[in-house]
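Here are some friendly notes to read alongside the model. Please keep the viewer open and look up each point as you go.

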Amino acid sequence: MTSTTHWSTPSRCPLIQLCYIRLAVQLPQQAAAFATDILGLQHVPNDLEPFLYRSDGRYYTLCFATGAEKPSIGIEIADTQELDRIADALGKDGFRAREATEDQCAQRFVRRALIVEDATGNEIDLVLRPALSGRRYFPSRDAGITGLQGVGLRSRAMKDDLKLWTTILGARITDRVGEITYLGIDRMHHRVVLYPSDRAGLVYVSYGVESLDALMQNNYFAEERQINILHGPGREPVSGQMFVRLAGPESYVFSYGYGLAEVEPDHRPRQFTLEASSLCEWGSQCVDIAELQPALAG
Amino acid sequence: MIELKDLSYVRFGTSNLEDAESFATKCLGLQVGEQSGKALYLRSDDRAHTLCYFEGDPTEQTVGFEVEDEARLNAAAATLDQLGHPVHAGTPSECGLRKVKAFIGFKDPTGNHIELVVRPERSGKRYFASRDAGITGFSHVGLFTTDPARDELFWTQVCNARVSDRIGDVALMRVNAIHHTIALAPGPRSGVHHVNHQVESNDDVLRSYYHLSGQRVPIVFGPGRHPTSGARFLYFRGPDGMVFEYSIGVDEIEDEETHRPRQFGFEPSSFCMWGSKRNW
C-alpha cells in the first residue's frame, strides 16, 4: 500500500487506510452466517470479539459488535504527531472526539484510537497501529475477496462533513455526482463516498474481488440463495468500478467491487449530472436505497 | 475436403417483416443495408449484409459459408454429390438475392440448409449501427443436430472444421483461428439454434442486458461467461423464437498444430462459469 505519488496539497495524506468496519447488530448469529456463508469472509476466533472477520492480510476488517449503538469505521492515521494534530484541529472546529479507553482499543485491535463524530453523527475511529495477521487469509468460500475496499456514508451536513474529511483529515475530493462526493486517500479513486441523506449511517460496505468473474459469480451465488440484490450488477462511470450490492443483515448493505480505477496525480474533481446513468453506466437501477436513487436523492 | 473460409450470412423466413425490422434495428441494433420488396438486408460489419429476413416460412433458415473461388465451389458440389447430398446450384437471380457471385445449396446430415458462396459483397460505406449496441460483426451460429457425433464427422471430415472443445458430445468447431464458428446443439429438428454477434466490450454485454430487459425482450441466458471460449455472453429471443447472442472475448486458437480439444462435462457450469441459468 505504499504510494509513490505525492499530492501537492496537502503534501501527504495523513490517512493511511480504511482498516475496519464495526457494525452494531441485534442478532449476531444471523449476521455471522451472512458474513461467512454469503460474503465468504473468514471468521477470526479470539477472546474479545466473537463476531470478527478477515478479508485480507489484516487481523480483521469487519466486526459485528453487539454492544455498540451505531456503526463505526476505522481509519488508520500515519503517526502519533498526525493524530495529535488532528485531535487539536477537531477540538477547534467543534467536532466531538474522545480518546478510546484501553478496553475500547483492545476491542478494536489497535494501539490507540480517537473516536470522532462527524457533523452528521457518523462515528469514525482514527486509529494507530491496527493489527495485521501473520497467517494468510483463507476465505470460507471461493468468493475471490481481495480486501475491504471502501465505504459509503450518509451525510446530512455535507459541508461540515467535507470539512472534516478534507481540511482536517486531508482526504481529497476526486469526483462528484450531484452532491454525492467521492473521497480519495491513496492512489485509488475513492475509499469513502458521502451520500446526501436525511440521517446518519452507512450506505454500503464494499469488498473488492479479484476479477469480473468473481463479481458475477457472487451475483449469481447471491441470487440463487434469494439474497436481495439492491443494485447491479452495475458499473460506476466515475470510478470504473463494477459492483453488486446485496441486502445484508439488519438493513446493512454489502457490496462486491472490481475494477476501481486509480487516479492520476493531476486529476481534478469532475462534476457528473445527478441521474441514474452517473451511478451505473450499464443501466441498473437501485431499489430500496434512497441515496442511490437520483430521482429521490437531494 | 470442402474448405470453409468464413461464415457469410444467415437467411430467415418470417411471417412479419415489419416486426423483424423493428427487432433488428431497435433491439439487436443492426443497420438496414437494403430493403427490397419482400426482403430486408441487415449489416453488422463491413459486409453488404450478414442477416437477411425474407417474407416466408420461419422454418426456412439457411446459413451461408464462404469458399475460396468457383473452382473450389464446383469441387465441393462434386464431393457432396458423391456423398449423396443433393446439391442445388444457385441461379443468377438467387445469387442476386444473396449478393454473391455464385453459390450452391445442400443439407447437412441433420437437414440444416447450408449454402456455400463465392465472392459475397462488401460495402464501401462503413457500418453505422441503428443503436449503440457496440456490435463489431456477425461471428458464429449454433446449428441444431439430431446426432452430434455424426454431424461432427460431417463438418470435420467432409469440411475443414476442427473441434476446439466439446461439452459432453457436443462439438464447438472452428474454421479459422476463432474458437468456434459452428456450435452444434442437440435437438429434435434441424434449424439455427442461435446467431452470434460480437460486441466491443464487456460493458456492451451488460448495457444490452439492461437495455433489452427494459424493452421487454426475453433474456434466455446470461449475462454469463462460457468456460470453453472464455466469451462473456447474453442470449435473448427475437422474432419467430430465434435466439440471438452478443458476446465478447472469444479466445483464438493460437497453435493450430498442437491444440487438443478439451472435454467438458455436460452440465450447467460448462455452459456458464458465472452461474447464470439457461432458460430455453
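How many residues lie between β15(B) and β16(B) in their hairpin, and which residue in the turn has a positive phi? There are 5 residues between the two strands, and Asp240(B) is the turn residue with a positive phi, about 55°.

Before the points, some housekeeping. This is a predicted model, in which local features need pLDDT of at least 70 and side-chain atom pairs count only at pLDDT 80 or more, while totals for chains, interfaces and linings use all residues. Residues are numbered from 1 along each chain as its sequence is written, and chains are lettered from A and ligands numbered from 1 in the order in which they are written.

1. Start with confidence. Chain A has an average pLDDT (the predictor's confidence in each residue, from 0 to 100) of 94, and 95% of its residues score at least 70. Residues 1–10 of chain A fall below 50, and this stretch has 13 contacts in the model beyond near neighbours in sequence; a contact means that two C-beta atoms, placed from the backbone, lie within 7 Å. Where pLDDT is low, the predicted coordinates should not be read in detail.

2. β15(B) has a partner in β16(B), residues 243–248, and the two run antiparallel over 6 bridges; strands pair if DSSP finds at least two bridges between them. Within this pairing, Phe233(B) is bridged to Ser247(B).

3. β15(B) also pairs with β14(B), residues 219–225, in the antiparallel sense over 4 bridges. Here Arg225(B) stands opposite Arg232(B). The hairpin of these two strands has 6 residues between them, and Gly230(B) in the turn has a positive phi of about 85°.

4. Over in chain A, 8 strands make an open, mixed sheet in the order β2-β3-β4-β1-β5-β8-β7-β6. β2(A) (42–43) and β6(A) (96–99) are at the edges with a single partner strand each, so one side of each has no neighbour in the sheet.

5. Inside that sheet, β1(A) (residues 15–24) and β4(A) (residues 62–65) pair in the parallel sense over 4 bridges, and Leu23(A) has Phe64(A) as its bridge partner. Helix α1(A), residues 28–39, lies across β2, β3 (52–54) and β4 of chain A, at about 165° to β4(A). That angle is between N-to-C directions, from 0 to 180 degrees, with axes as lines fitted to C-alpha atoms, for helices over the stretch in contact.

6. Chain B is divided into domain 1 (6–118) and domain 2 (135–254 + 264–271), with bounds from an automatic or database domain assignment. Their centres, taken over C-alpha atoms, are 19 Å apart. The contact between them takes 28 residues from domain 1 and 31 residues from domain 2. On the domain 1 side, β1 (6–14), α1 (17–28) and β5 (61–66) of chain B each supply at least two residues.

7. Gln35(B) counts as partly exposed because it has 13 C-beta neighbours inside 10 Å.

Conventions. A residue is buried if 20 or more other C-beta atoms lie within 10 Å of its own, exposed if 12 or fewer, and partly exposed in between; C-beta atoms are placed from the backbone.
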